[in-house]
Amino acid sequence: MTFDWKHIIAGPCAAESEEQVWTTAQAIAQSVPDEIRHKLIFRAGLWKPRTSPTTFQGIGDEGLAWLQRIQRELDLPVATEVTQPEQLHRAIEAGLRHLWVGARTSANPIQVQALADALQDHDCSQLTVYIKNPVNNDPALWIGNIQRFLSVTGCNNQAPEVYAIHRGCNHRPCWDMAYFLRQQMPTIPLLLDPSHMSGDANRIDCLCKNAVQLQYDGLMVEVHNHPSQALSDAQQQLTPAQFAAILGSLTEEEEATQLTWLRQMMNEVDDELWSVVARRMEVSHRIGEYKREQGMEIVQPTRYEQMVTSRLAWAQSHDLDPHTVRTIMDALHQESIRKQK
Ligand code: PEP
Ligand code: MN
C-alpha cells in the first residue's frame, strides 16, 4: 500500500469499559499493516450525542483514564469527540491531542464557536481538531466551522491543525459536499468516515476504495472488539481483523480527476433515482389494493392525462425535453399498471 494517507483513525463508536477499549486498541495496533502503524490514531467517544435519551449516552469523564492508559502503554494517540467547552478542557487536560467535532455539533455554529473560543486558553501547537460535515448537506456551514477553528490563536499564538471529516448525511455520501470543500479549501486534509456515511459494516469496504480513488487524506472507521455487543452503532462497526483486511486489500488508483468526482456523484444520484422509483411502485401497489377493494378499474385515463399535462408543463420550466419526459412517464405508468394487477 503506497498511497499517502496522513491519519487513519480507528476505534469504537463509544468507550464502554476499560477492557473493551484496551482490547480493541491492542488488536487494532497489532493487526494494521506495519507501514501505516505510525499513522494510526485510536478513537473512542466519551460524551455521545445520541438521538434517544434512553440509549447509552457515553461513559463520560470516567473513560478519560482508560484513554490515557492507551496513549501511555500502547504509544497510540487517542481522539475523542467534544461537544461542549467543559469536555474540551477536560480532554486536553487529560493529555488528548486529537479532538473531533461531530455532525450534530457541526450543525450549530454557536456551539462550534464556543468550542473554538475555548481553545484560546490552551497551547494549540500540538493539537489537531477534526470537523465533521453537519448532519444536513450544507457545505457552506462545514466550511464556516473550519474557518472558526483556523482563526483560533491559542495561548502561544498558534492555531490547531484542522482536518475535515466527510461522514455524509442520512447514510448517503453527498459527494457533492466533499467536492465543494476540496475546491474551496484544497489545503485542508480530508478524511472519509465510511461508518457513519453508510451505517452498514458491509458497505465500508467499498467506501474505503472510494476514499483511495478520490484521494482522501485518510479514514475514520468504527472498530469494536465485539461489534454485535456494541452499545451504540452496532450495525456499522468492524472487528479489528475485518478492518485490517480492508486496509490490506486497498491498492493504488489512478489520479482522481474532475470526472472521477462527477461519476461518483452520478452514481449517487442514480441510487437515489432508483430508490424513488421503487418507492413509487410501493405506493402504486397500495393504490392497486384500494382500487380492488372498491371495485374500480386499474387504468383511469383522465387521471393519467392530468398527470401528463402538469408534468410536461413542469418539464418545460426545468429545461427537460417533453418527448423524453413523456417516454419515461409512459414507462413508469406501465410498470405501475403491472404492480396494480
Ligand atoms: C461518532 O463519530 O461516533 C459520531 C457520533 O459521529 P457523527 O457525529 O458523524 O454522527
Ligand atoms: Mn458512532
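How are the donor residues of the manganese ion (ligand 2) spaced in sequence? The points below take this up along with the barrel and the pockets.

1. Basis. This is a predicted model, in which local features need pLDDT of at least 70 and side-chain atom pairs count only at pLDDT 80 or more, while totals for chains, interfaces and linings use all residues. Residues are numbered from 1 along each chain as its sequence is written, chains are lettered from A and ligands numbered from 1 in the order in which they are written, and side-chain values use heavy atoms, with hydrogens and water left out.

2. Metal site. The donors follow the pattern C-x182-H-x25-E-x10-D. C13 sits in the loop between strand 1 (7-11) and helix 1 (18-31), and H196 in helix 8 (residues 194-198), so this pair, 183 residues apart, links distant parts of the chain. The donor atoms are C13 (SG), H196 (NE2), E222 (OE) and D233 (OD), at 2.1 to 2.3 Å from the ion. Donors are N, O and S atoms within 2.8 Å of the metal (3.2 Å for Na, K and Ca); water is not among the atoms, so sites may look incomplete.

3. Eight strands form a closed barrel in the order 1-2-3-4-5-6-7-8, with parallel pairing. Neighbouring strands are turned against each other by 25 degrees on average, direction ignored. Strands (E, at least two residues) and helices (H or I, at least four) are DSSP runs, numbered from the N terminus; two strands pair if DSSP finds at least two bridges between them.

4. Strands 7 and 8. Strand 7 (residues 190-192) runs parallel to strand 8 (residues 218-222), joined by two bridges. L192 has L219 as its bridge partner in strand 8.

5. Second largest pocket. Its volume is about 420 Å³. Among its 23 lining residues, P49, R104, R167, H196 and D233 lie nearest the centre. On a 1 Å grid over the protein atoms alone, a pocket is an open set of points where a 1.4 Å probe fits, with protein on both sides within 12 Å along at least five of seven lines; lining residues have an atom within 4 Å of a point. A volume is the space filled by probe spheres set on the points, which are joined across faces, edges and corners.

6. Largest pocket. This one holds about 680 Å³ of space. Helix 13 gives the largest share of the lining, seven residues.

Definitions and conventions:
Axes are lines fitted to C-alpha atoms, for helices over the stretch in contact, and angles run from 0 to 180 degrees between N-to-C directions.
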